[in-house]
Amino acid sequence: MRYLPLTPADRQSMLARIGVRSMDDLYRDVPPKARRDKPVDLPPHQGELEVERAVGALAAKNLGTAKAPSFLGAGAYRHHVPAAVDHLIQRGEFLTSYTPYQPEVTQGTLEYLFEFQTQVALLTGMEVANASMYDGGTACAEAVMMANRVTRRSKAVLSGALHPHYAEITRTHAHFLGFKVEQPPADPEGREDLAKLVDADTSCVVVQNPNVFGHIQDLSALAEACHKAGALLVVAVTEVVSLGAIEPPGAMGADIVVAEGQALGNSLGFGGPYVGLFATREKFLRQMPGRLVGETKDVDGRRGWVLTLSTREQHIRREKATSNICTNSGLCALAFTIHLTLLGEAGFQRLAALNHAAACTLADKLVKLPGVSVLNRGFFNEFTVKLPKPSGPVVEALAKRGILGGVPASRLWPTEKSLENLLLVAATETNTAQDMDALAGALKEVLA
(Lines give C-alpha, C1' and ligand atoms only; values in the text may rest on other atoms or scores of the structure.)
Protein backbone atom coordinates (compact mmCIF):
# COMPACT_ATOMS: atom_id res chain seq x y z
CA MET A 1 0.00 0.00 0.00
CA ARG A 2 2.05 2.89 -1.28
CA TYR A 3 -0.20 5.42 0.47
CA LEU A 4 0.62 4.08 3.96
CA PRO A 5 3.79 5.71 5.29
CA LEU A 6 4.45 3.15 8.05
CA THR A 7 7.05 0.45 7.42
CA PRO A 8 6.87 -3.06 8.92
CA ALA A 9 9.47 -1.91 11.45
CA ASP A 10 7.28 1.06 12.39
CA ARG A 11 4.31 -1.22 12.99
CA GLN A 12 6.32 -3.65 15.10
CA SER A 13 7.62 -0.77 17.19
CA MET A 14 4.07 0.46 17.78
CA LEU A 15 2.83 -3.01 18.75
CA ALA A 16 5.72 -3.46 21.17
CA ARG A 17 5.06 -0.06 22.74
CA ILE A 18 1.40 -0.84 23.48
CA GLY A 19 2.17 -4.38 24.60
CA VAL A 20 0.61 -6.69 21.99
CA ARG A 21 2.23 -9.24 19.72
CA SER A 22 0.32 -8.71 16.48
CA MET A 23 -2.29 -6.59 14.76
CA ASP A 24 -4.85 -9.35 15.37
CA ASP A 25 -4.48 -8.80 19.12
CA LEU A 26 -5.95 -5.33 18.67
CA TYR A 27 -9.30 -6.90 17.74
CA ARG A 28 -9.82 -8.73 21.04
CA ASP A 29 -13.31 -7.20 21.52
CA VAL A 30 -14.48 -8.28 18.05
CA PRO A 31 -16.39 -11.60 18.22
CA PRO A 32 -14.55 -14.41 16.38
CA LYS A 33 -17.54 -15.01 14.10
CA ALA A 34 -17.27 -11.45 12.86
CA ARG A 35 -13.62 -11.86 11.86
CA ARG A 36 -12.33 -13.04 8.50
CA ASP A 37 -9.69 -15.74 8.38
CA LYS A 38 -8.51 -14.67 4.93
CA PRO A 39 -8.62 -11.55 2.72
CA VAL A 40 -11.81 -10.58 0.92
CA ASP A 41 -12.05 -12.25 -2.47
CA LEU A 42 -11.54 -9.25 -4.72
CA PRO A 43 -10.09 -9.06 -8.22
CA PRO A 44 -6.42 -8.06 -8.54
CA HIS A 45 -5.57 -4.39 -8.42
CA GLN A 46 -5.95 -2.41 -11.63
CA GLY A 47 -4.50 0.73 -13.11
CA GLU A 48 -6.32 4.05 -13.23
CA LEU A 49 -7.54 3.55 -16.81
CA GLU A 50 -8.96 0.12 -16.04
CA VAL A 51 -10.71 1.40 -12.92
CA GLU A 52 -12.25 4.27 -14.88
CA ARG A 53 -13.62 1.82 -17.43
CA ALA A 54 -15.01 -0.49 -14.77
CA VAL A 55 -16.68 2.32 -12.81
CA GLY A 56 -17.97 3.86 -16.04
CA ALA A 57 -19.58 0.56 -16.99
CA LEU A 58 -21.29 0.41 -13.61
CA ALA A 59 -22.53 4.00 -13.92
CA ALA A 60 -23.90 3.29 -17.40
CA LYS A 61 -26.35 0.83 -15.86
CA ASN A 62 -28.18 3.75 -14.23
CA LEU A 63 -31.07 5.28 -16.13
CA GLY A 64 -30.35 8.91 -15.28
CA THR A 65 -32.67 11.86 -15.72
CA ALA A 66 -30.46 13.27 -18.48
CA LYS A 67 -30.86 10.10 -20.55
CA ALA A 68 -34.60 9.61 -20.44
CA PRO A 69 -37.89 11.50 -20.09
CA SER A 70 -38.11 12.02 -16.34
CA PHE A 71 -41.13 12.80 -14.20
CA LEU A 72 -39.44 12.18 -10.86
CA GLY A 73 -40.12 14.49 -7.95
CA ALA A 74 -41.04 13.78 -4.33
CA GLY A 75 -38.47 16.21 -2.96
CA ALA A 76 -35.84 16.22 -5.73
CA TYR A 77 -36.56 18.01 -9.02
CA ARG A 78 -34.82 18.30 -12.34
CA HIS A 79 -34.51 21.85 -13.61
CA HIS A 80 -32.31 23.45 -16.22
CA VAL A 81 -29.22 24.94 -14.57
CA PRO A 82 -27.54 27.64 -16.69
CA ALA A 83 -23.95 26.85 -17.68
CA ALA A 84 -22.83 30.08 -15.99
CA VAL A 85 -23.66 28.60 -12.58
CA ASP A 86 -21.22 25.71 -12.88
CA HIS A 87 -18.57 27.95 -14.45
CA LEU A 88 -18.70 30.50 -11.64
CA ILE A 89 -18.76 28.12 -8.68
CA GLN A 90 -15.65 26.41 -10.04
CA ARG A 91 -13.61 29.58 -9.79
CA GLY A 92 -10.77 28.94 -7.34
CA GLU A 93 -11.82 31.61 -4.86
CA PHE A 94 -15.22 29.93 -4.47
CA LEU A 95 -14.37 26.27 -4.96
CA THR A 96 -11.50 26.15 -2.49
CA SER A 97 -12.78 28.47 0.23
CA TYR A 98 -13.97 26.66 3.32
CA THR A 99 -15.60 28.72 6.04
CA PRO A 100 -15.56 32.44 6.90
CA TYR A 101 -13.94 32.40 10.33
CA GLN A 102 -11.73 35.39 9.48
CA PRO A 103 -13.82 38.19 7.97
CA GLU A 104 -10.75 40.15 6.87
CA VAL A 105 -9.88 37.42 4.34
CA THR A 106 -13.35 36.09 3.47
CA GLN A 107 -15.34 39.14 2.48
CA GLY A 108 -16.40 37.50 -0.80
CA THR A 109 -17.79 34.41 0.92
CA LEU A 110 -19.57 36.49 3.53
CA GLU A 111 -21.06 38.79 0.90
CA TYR A 112 -22.60 36.01 -1.18
CA LEU A 113 -23.99 34.38 1.97
CA PHE A 114 -25.51 37.74 2.89
CA GLU A 115 -27.14 37.89 -0.54
CA PHE A 116 -28.27 34.27 -0.15
CA GLN A 117 -29.95 35.11 3.16
CA THR A 118 -31.70 38.06 1.54
CA GLN A 119 -33.02 35.90 -1.29
CA VAL A 120 -34.29 33.20 1.07
CA ALA A 121 -36.05 35.75 3.27
CA LEU A 122 -37.75 37.29 0.23
CA LEU A 123 -38.81 33.92 -1.20
CA THR A 124 -40.28 32.64 2.05
CA GLY A 125 -41.86 35.91 3.18
CA MET A 126 -39.89 35.84 6.44
CA GLU A 127 -37.85 38.47 8.25
CA VAL A 128 -34.52 36.70 8.62
CA ALA A 129 -32.78 33.67 7.13
CA ASN A 130 -29.59 31.87 8.11
CA ALA A 131 -26.50 31.15 6.00
CA SER A 132 -27.94 27.82 4.77
CA MET A 133 -28.04 24.32 6.20
CA TYR A 134 -27.21 20.77 5.16
CA ASP A 135 -30.48 19.92 3.40
CA GLY A 136 -34.25 20.30 3.71
CA GLY A 137 -34.78 17.21 5.86
CA THR A 138 -32.27 18.12 8.55
CA ALA A 139 -33.47 21.73 8.46
CA CYS A 140 -36.95 20.42 9.28
CA ALA A 141 -35.67 18.57 12.35
CA GLU A 142 -33.71 21.67 13.41
CA ALA A 143 -36.91 23.74 13.11
CA VAL A 144 -38.73 21.43 15.52
CA MET A 145 -35.87 21.61 18.01
CA MET A 146 -35.90 25.40 17.70
CA ALA A 147 -39.66 25.47 18.34
CA ASN A 148 -39.12 23.35 21.45
CA ARG A 149 -36.61 25.91 22.74
CA VAL A 150 -38.82 28.89 21.95
CA THR A 151 -42.00 27.49 23.51
CA ARG A 152 -40.33 25.39 26.23
CA ARG A 153 -42.58 22.53 25.16
CA SER A 154 -41.71 19.07 23.93
CA LYS A 155 -44.32 17.76 21.50
CA ALA A 156 -44.36 18.30 17.74
CA VAL A 157 -47.30 17.54 15.47
CA LEU A 158 -46.26 16.49 11.98
CA SER A 159 -48.61 16.50 9.03
CA GLY A 160 -49.30 13.08 7.54
CA ALA A 161 -48.53 14.70 4.19
CA LEU A 162 -45.05 15.80 5.27
CA HIS A 163 -42.38 14.08 3.19
CA PRO A 164 -41.69 10.77 4.98
CA HIS A 165 -37.94 11.35 4.91
CA TYR A 166 -38.35 14.70 6.67
CA ALA A 167 -40.62 13.06 9.25
CA GLU A 168 -38.19 10.17 9.77
CA ILE A 169 -35.26 12.51 10.40
CA THR A 170 -37.37 14.45 12.90
CA ARG A 171 -38.41 11.25 14.71
CA THR A 172 -34.76 10.17 14.90
CA HIS A 173 -33.87 13.44 16.64
CA ALA A 174 -36.91 13.05 18.91
CA HIS A 175 -35.78 9.58 19.96
CA PHE A 176 -32.37 10.74 21.11
CA LEU A 177 -33.31 14.19 22.41
CA GLY A 178 -36.41 13.13 24.31
CA PHE A 179 -39.23 15.08 22.70
CA LYS A 180 -42.50 13.65 21.39
CA VAL A 181 -43.75 13.44 17.83
CA GLU A 182 -47.38 12.93 16.85
CA GLN A 183 -48.36 12.29 13.24
CA PRO A 184 -51.69 11.24 11.71
CA PRO A 185 -51.77 8.75 8.80
CA ALA A 186 -50.99 9.99 5.32
CA ASP A 187 -54.11 11.38 3.62
CA PRO A 188 -53.66 11.59 -0.16
CA GLU A 189 -56.97 13.45 -0.48
CA GLY A 190 -55.66 16.39 1.57
CA ARG A 191 -58.43 16.37 4.18
CA GLU A 192 -56.45 16.17 7.43
CA ASP A 193 -57.32 18.55 10.27
CA LEU A 194 -54.14 19.30 12.19
CA ALA A 195 -55.64 22.08 14.29
CA LYS A 196 -57.54 19.57 16.42
CA LEU A 197 -54.26 17.91 17.42
CA VAL A 198 -52.81 21.11 18.91
CA ASP A 199 -52.90 21.29 22.70
CA ALA A 200 -51.08 22.94 25.60
CA ASP A 201 -48.07 20.63 25.19
CA THR A 202 -47.58 21.28 21.46
CA SER A 203 -44.47 23.22 20.54
CA CYS A 204 -45.14 23.29 16.81
CA VAL A 205 -47.09 21.93 13.89
CA VAL A 206 -45.03 20.98 10.83
CA VAL A 207 -46.82 21.07 7.50
CA GLN A 208 -45.52 20.89 3.93
CA ASN A 209 -46.75 23.17 1.15
CA PRO A 210 -47.24 22.01 -1.55
CA ASN A 211 -47.50 18.79 0.41
CA VAL A 212 -45.94 15.49 -0.57
CA PHE A 213 -49.03 14.58 -2.61
CA GLY A 214 -48.87 17.93 -4.42
CA HIS A 215 -51.83 19.65 -2.73
CA ILE A 216 -51.56 23.42 -2.25
CA GLN A 217 -53.00 24.69 1.01
CA ASP A 218 -54.03 27.94 2.64
CA LEU A 219 -52.31 27.71 6.02
CA SER A 220 -53.73 30.90 7.54
CA ALA A 221 -56.36 29.17 9.70
CA LEU A 222 -53.85 26.59 10.92
CA ALA A 223 -51.37 29.35 11.81
CA GLU A 224 -54.08 31.12 13.81
CA ALA A 225 -54.94 27.92 15.66
CA CYS A 226 -51.28 27.30 16.49
CA HIS A 227 -50.72 30.81 17.78
CA LYS A 228 -53.90 30.71 19.86
CA ALA A 229 -52.52 27.61 21.61
CA GLY A 230 -49.04 29.12 22.03
CA ALA A 231 -47.47 26.84 19.40
CA LEU A 232 -45.45 27.71 16.30
CA LEU A 233 -46.24 26.86 12.70
CA VAL A 234 -43.35 25.32 10.76
CA VAL A 235 -43.75 25.10 6.98
CA ALA A 236 -41.55 22.85 4.87
CA VAL A 237 -41.11 23.40 1.13
CA THR A 238 -39.46 20.66 -0.93
CA GLU A 239 -39.84 22.41 -4.31
CA VAL A 240 -38.49 25.94 -3.88
CA VAL A 241 -39.54 26.96 -7.41
CA SER A 242 -43.15 26.81 -6.19
CA LEU A 243 -42.49 30.02 -4.24
CA GLY A 244 -42.46 31.85 -7.56
CA ALA A 245 -46.17 31.14 -8.00
CA ILE A 246 -47.91 30.51 -4.68
CA GLU A 247 -48.34 32.56 -1.52
CA PRO A 248 -45.16 32.43 0.60
CA PRO A 249 -45.48 30.74 4.00
CA GLY A 250 -44.62 33.93 5.85
CA ALA A 251 -47.67 35.67 4.38
CA MET A 252 -49.85 32.86 5.77
CA GLY A 253 -48.54 33.18 9.32
CA ALA A 254 -45.64 30.71 9.41
CA ASP A 255 -43.16 31.18 12.23
CA ILE A 256 -40.37 29.05 10.75
CA VAL A 257 -39.89 28.08 7.11
CA VAL A 258 -37.54 25.35 5.97
CA ALA A 259 -36.94 24.29 2.41
CA GLU A 260 -34.81 22.22 0.09
CA GLY A 261 -32.93 24.53 -2.25
CA GLN A 262 -31.69 21.86 -4.68
CA ALA A 263 -34.06 22.93 -7.44
CA LEU A 264 -32.07 26.13 -8.00
CA GLY A 265 -28.48 25.84 -9.19
CA ASN A 266 -27.97 22.24 -8.10
CA SER A 267 -28.34 19.04 -10.11
CA LEU A 268 -30.10 15.94 -8.83
CA GLY A 269 -26.77 14.17 -8.37
CA PHE A 270 -28.39 10.84 -7.44
CA GLY A 271 -29.24 12.31 -4.03
CA GLY A 272 -26.85 15.11 -3.24
CA PRO A 273 -25.21 17.25 -2.18
CA TYR A 274 -28.21 19.51 -1.56
CA VAL A 275 -28.73 22.69 0.45
CA GLY A 276 -31.17 23.51 3.25
CA LEU A 277 -32.97 26.83 3.62
CA PHE A 278 -34.03 28.15 7.02
CA ALA A 279 -35.96 31.36 7.74
CA THR A 280 -37.86 32.68 10.73
CA ARG A 281 -39.32 35.73 12.50
CA GLU A 282 -36.79 38.23 13.80
CA LYS A 283 -38.05 37.82 17.38
CA PHE A 284 -36.84 34.20 17.29
CA LEU A 285 -33.45 35.11 15.85
CA ARG A 286 -31.30 33.99 18.78
CA GLN A 287 -32.83 30.53 18.77
CA MET A 288 -32.14 30.03 15.06
CA PRO A 289 -29.59 27.29 14.29
CA GLY A 290 -26.54 27.73 12.10
CA ARG A 291 -24.96 31.06 11.28
CA LEU A 292 -26.07 34.54 10.28
CA VAL A 293 -24.01 36.93 8.16
CA GLY A 294 -24.56 40.61 8.84
CA GLU A 295 -23.57 43.91 7.28
CA THR A 296 -21.18 46.26 9.10
CA LYS A 297 -18.60 49.02 8.54
CA ASP A 298 -14.87 48.89 9.05
CA VAL A 299 -12.79 51.54 10.84
CA ASP A 300 -12.65 53.57 7.61
CA GLY A 301 -16.43 53.52 7.18
CA ARG A 302 -16.42 51.05 4.30
CA ARG A 303 -19.24 48.52 4.05
CA GLY A 304 -18.28 44.97 4.98
CA TRP A 305 -19.68 41.67 6.23
CA VAL A 306 -19.15 39.60 9.36
CA LEU A 307 -20.59 36.56 11.09
CA THR A 308 -23.19 38.30 13.25
CA LEU A 309 -24.52 35.12 14.86
CA SER A 310 -22.66 31.83 15.22
CA THR A 311 -24.74 29.44 17.27
CA ARG A 312 -23.46 26.08 16.15
CA GLU A 313 -21.08 23.99 18.20
CA GLN A 314 -18.12 24.62 15.90
CA HIS A 315 -18.12 28.21 17.13
CA ILE A 316 -19.21 28.12 20.77
CA ARG A 317 -19.35 25.76 23.74
CA ARG A 318 -21.44 22.71 22.93
CA GLU A 319 -23.84 23.20 25.84
CA LYS A 320 -24.73 26.66 24.49
CA ALA A 321 -25.07 25.66 20.85
CA THR A 322 -28.50 25.66 19.21
CA SER A 323 -27.37 23.34 16.44
CA ASN A 324 -24.97 20.50 15.81
CA ILE A 325 -24.94 21.14 12.07
CA CYS A 326 -21.48 20.48 10.68
CA THR A 327 -21.84 22.01 7.22
CA ASN A 328 -23.94 24.69 5.61
CA SER A 329 -23.35 23.34 2.07
CA GLY A 330 -21.75 26.66 1.19
CA LEU A 331 -20.89 25.87 -2.45
CA CYS A 332 -24.44 24.63 -3.07
CA ALA A 333 -25.77 27.82 -1.46
CA LEU A 334 -23.59 29.83 -3.86
CA ALA A 335 -24.98 27.88 -6.82
CA PHE A 336 -28.50 28.63 -5.55
CA THR A 337 -27.70 32.34 -5.28
CA ILE A 338 -26.11 32.59 -8.72
CA HIS A 339 -29.01 30.78 -10.41
CA LEU A 340 -31.62 32.95 -8.70
CA THR A 341 -29.64 36.11 -9.48
CA LEU A 342 -29.48 35.16 -13.15
CA LEU A 343 -33.23 34.61 -13.20
CA GLY A 344 -34.19 37.74 -11.32
CA GLU A 345 -37.65 38.18 -9.83
CA ALA A 346 -39.51 38.25 -13.14
CA GLY A 347 -37.54 35.32 -14.53
CA PHE A 348 -38.19 33.27 -11.39
CA GLN A 349 -41.91 33.89 -11.68
CA ARG A 350 -41.86 32.92 -15.37
CA LEU A 351 -39.99 29.73 -14.49
CA ALA A 352 -42.67 28.88 -11.93
CA ALA A 353 -45.38 29.56 -14.52
CA LEU A 354 -43.68 27.22 -17.00
CA ASN A 355 -43.57 24.50 -14.39
CA HIS A 356 -47.23 24.83 -13.53
CA ALA A 357 -48.23 24.87 -17.19
CA ALA A 358 -46.19 21.73 -17.89
CA ALA A 359 -47.82 19.89 -14.98
CA CYS A 360 -51.32 20.94 -16.11
CA THR A 361 -50.63 19.72 -19.63
CA LEU A 362 -49.37 16.37 -18.35
CA ALA A 363 -52.30 15.91 -15.96
CA ASP A 364 -54.73 16.52 -18.82
CA LYS A 365 -53.04 13.79 -20.85
CA LEU A 366 -52.93 11.23 -18.06
CA VAL A 367 -56.56 11.54 -16.93
CA LYS A 368 -57.64 10.45 -20.41
CA LEU A 369 -56.12 7.01 -19.84
CA PRO A 370 -58.52 4.24 -18.77
CA GLY A 371 -58.60 3.74 -15.02
CA VAL A 372 -56.32 6.72 -14.26
CA SER A 373 -57.39 9.64 -12.09
CA VAL A 374 -55.70 12.71 -10.58
CA LEU A 375 -56.42 13.22 -6.88
CA ASN A 376 -55.49 16.90 -6.66
CA ARG A 377 -57.90 19.80 -6.84
CA GLY A 378 -54.93 22.14 -7.23
CA PHE A 379 -51.19 21.65 -7.61
CA PHE A 380 -47.99 23.37 -8.67
CA ASN A 381 -45.72 21.11 -10.72
CA GLU A 382 -46.41 17.79 -9.02
CA PHE A 383 -49.59 15.80 -8.51
CA THR A 384 -50.77 12.37 -7.42
CA VAL A 385 -52.18 9.88 -9.88
CA LYS A 386 -54.27 6.88 -8.88
CA LEU A 387 -53.68 3.84 -11.07
CA PRO A 388 -55.83 0.72 -11.46
CA LYS A 389 -52.91 -1.43 -10.23
CA PRO A 390 -49.90 -1.07 -7.87
CA SER A 391 -47.63 1.72 -9.06
CA GLY A 392 -44.31 0.07 -8.12
CA PRO A 393 -44.33 -2.56 -10.88
CA VAL A 394 -45.74 0.03 -13.29
CA VAL A 395 -42.77 2.32 -12.71
CA GLU A 396 -40.36 -0.57 -13.23
CA ALA A 397 -42.08 -1.44 -16.51
CA LEU A 398 -41.85 2.19 -17.63
CA ALA A 399 -38.14 2.26 -16.78
CA LYS A 400 -37.59 -0.74 -19.04
CA ARG A 401 -39.16 1.35 -21.80
CA GLY A 402 -36.70 4.17 -21.08
CA ILE A 403 -39.06 6.43 -19.11
CA LEU A 404 -38.76 7.54 -15.48
CA GLY A 405 -42.46 7.72 -14.82
CA GLY A 406 -42.59 9.11 -11.30
CA VAL A 407 -42.22 7.98 -7.70
CA PRO A 408 -44.48 5.19 -6.44
CA ALA A 409 -46.05 5.99 -3.09
CA SER A 410 -45.00 2.52 -1.98
CA ARG A 411 -41.37 3.66 -1.97
CA LEU A 412 -42.17 6.36 0.57
CA TRP A 413 -44.76 4.39 2.55
CA PRO A 414 -43.75 0.73 1.99
CA THR A 415 -46.12 -0.64 4.63
CA GLU A 416 -49.24 1.31 3.61
CA LYS A 417 -51.21 -0.98 1.32
CA SER A 418 -53.89 1.67 0.83
CA LEU A 419 -51.35 3.88 -1.00
CA GLU A 420 -49.78 1.26 -3.29
CA ASN A 421 -51.75 2.32 -6.39
CA LEU A 422 -50.66 5.97 -6.08
CA LEU A 423 -47.97 7.52 -8.23
CA LEU A 424 -46.35 10.93 -7.60
CA VAL A 425 -45.69 12.63 -10.94
CA ALA A 426 -43.74 15.87 -11.45
CA ALA A 427 -43.28 17.96 -14.59
CA THR A 428 -40.84 20.85 -14.94
CA GLU A 429 -39.64 23.18 -17.68
CA THR A 430 -37.32 20.38 -18.84
CA ASN A 431 -40.20 18.16 -19.98
CA THR A 432 -41.18 18.50 -23.64
CA ALA A 433 -44.48 17.66 -25.28
CA GLN A 434 -42.78 14.59 -26.74
CA ASP A 435 -41.75 13.48 -23.23
CA MET A 436 -45.33 13.75 -22.03
CA ASP A 437 -46.70 11.86 -25.02
CA ALA A 438 -44.09 9.15 -24.43
CA LEU A 439 -45.19 8.76 -20.81
CA ALA A 440 -48.89 8.69 -21.67
CA GLY A 441 -48.34 6.15 -24.46
CA ALA A 442 -46.11 3.88 -22.40
CA LEU A 443 -48.39 4.08 -19.37
CA LYS A 444 -51.36 3.08 -21.52
CA GLU A 445 -49.46 0.01 -22.72
CA VAL A 446 -48.33 -0.99 -19.23
CA LEU A 447 -51.82 -0.64 -17.77
CA ALA A 448 -53.51 -2.58 -20.57
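Student: Where is Pro 69 found?

Tutor: Pro 69 sits in the loop between α2 and α3 (83–89). This is a predicted model, in which local features need pLDDT of at least 70 and side-chain atom pairs count only at pLDDT 80 or more, while totals for chains, interfaces and linings use all residues. Residues are numbered from 1 along each chain as its sequence is written, and side-chain values use heavy atoms, with hydrogens and water left out.

Student: Which residues is Pro 69 in contact with, leaving aside its neighbours within four places in sequence?

Tutor: They are Gly 402, Ile 403, Leu 404 and Asp 435. Contact means heavy atoms within 4.5 Å. Pro 69 and Leu 404 are 335 residues apart in sequence, yet 6.1 Å apart in space, C-alpha to C-alpha.

Student: Why is Pro 43 called exposed?

Tutor: Exposed means over 50% relative accessible area, buried means under 20%, and partly exposed is in between, using a 1.4 Å probe and protein chains only. Pro 43 has 65% relative accessibility, so it counts as exposed. Its place is the loop between α1 (8–18) and α2 (48–59).

Student: What is the phi of Ser 132?

Tutor: Ser 132 has a positive phi of about 80°, although it is not a glycine. Most residues other than glycine have a negative phi, and most peptide bonds are trans. Ser 132 lies in the loop between β1 (128–129) and α6. Its relative accessible area is 2%, so Ser 132 is buried.

Student: How do you know whether Ser 329 is buried or exposed?

Tutor: Its relative accessibility is 9%, and therefore Ser 329 counts as buried. Ser 329 also has a positive phi, of about 50°, and is placed in the loop between β9 (303–310) and α9 (330–366).

Student: What is the peptide bond from Asn 209 to Pro 210, cis or trans?

Tutor: That bond is cis, with omega near -10°. Pro 210 belongs to the loop between β4 (202–208) and α8 (220–228). Another cis peptide bond joins Gly 272 and Pro 273, where omega is about 0°.

Student: How do you know what span to expect for α7?

Tutor: The expected span of a helix is 1.5 Å times one less than its number of residues. With 14 residues, α7 reaches 20 Å from its first C-alpha to its last, close to the 20 Å expected.

Student: Which residues of α7 are buried?

Tutor: Pro 164, Tyr 166, Ala 167, Thr 170 and Ala 174 are. They cover an arc of only 155° around the axis, so they lie on the same side of α7. That arc is taken over the directions from the helix axis to the C-beta atoms. The face turned away from that buried side carries the exposed residues His 175 and Phe 176.

Student: What makes a space a cavity or a pocket?

Tutor: On a 1 Å grid over the protein atoms alone, a cavity is a set of points where a 1.4 Å probe fits but cannot get out; a pocket is an open set with protein on both sides within 12 Å along at least five of seven lines; and lining residues have an atom within 4 Å of a point. Grid points are joined across faces, edges and corners, and a volume is the space filled by probe spheres set on the points.

Student: What volume does the largest pocket have?

Tutor: The largest pocket has about 1100 Å³. Of the 43 residues lining this pocket, Ala 76, Leu 268, Phe 270, Gly 271 and Tyr 274 are the closest to its centre.

Student: How many cavities of 30 Å³ or more does the search find?

Tutor: The search of the whole structure finds two.

Student: Which residues line the second largest cavity?

Tutor: Thr 65, Ser 70, Leu 72, Arg 78, Leu 268, Thr 428, Thr 430 and Asn 431 do. Ala, Val, Leu, Ile, Met, Phe, Trp, Tyr, Cys and Pro count as nonpolar, Asp, Glu, Lys and Arg as charged, and the others, Gly among them, as polar. That lining divides into two nonpolar, five polar and one charged.

Key: Helices (H or I, at least four residues) and strands (E, at least two) are DSSP runs, numbered from the N terminus.
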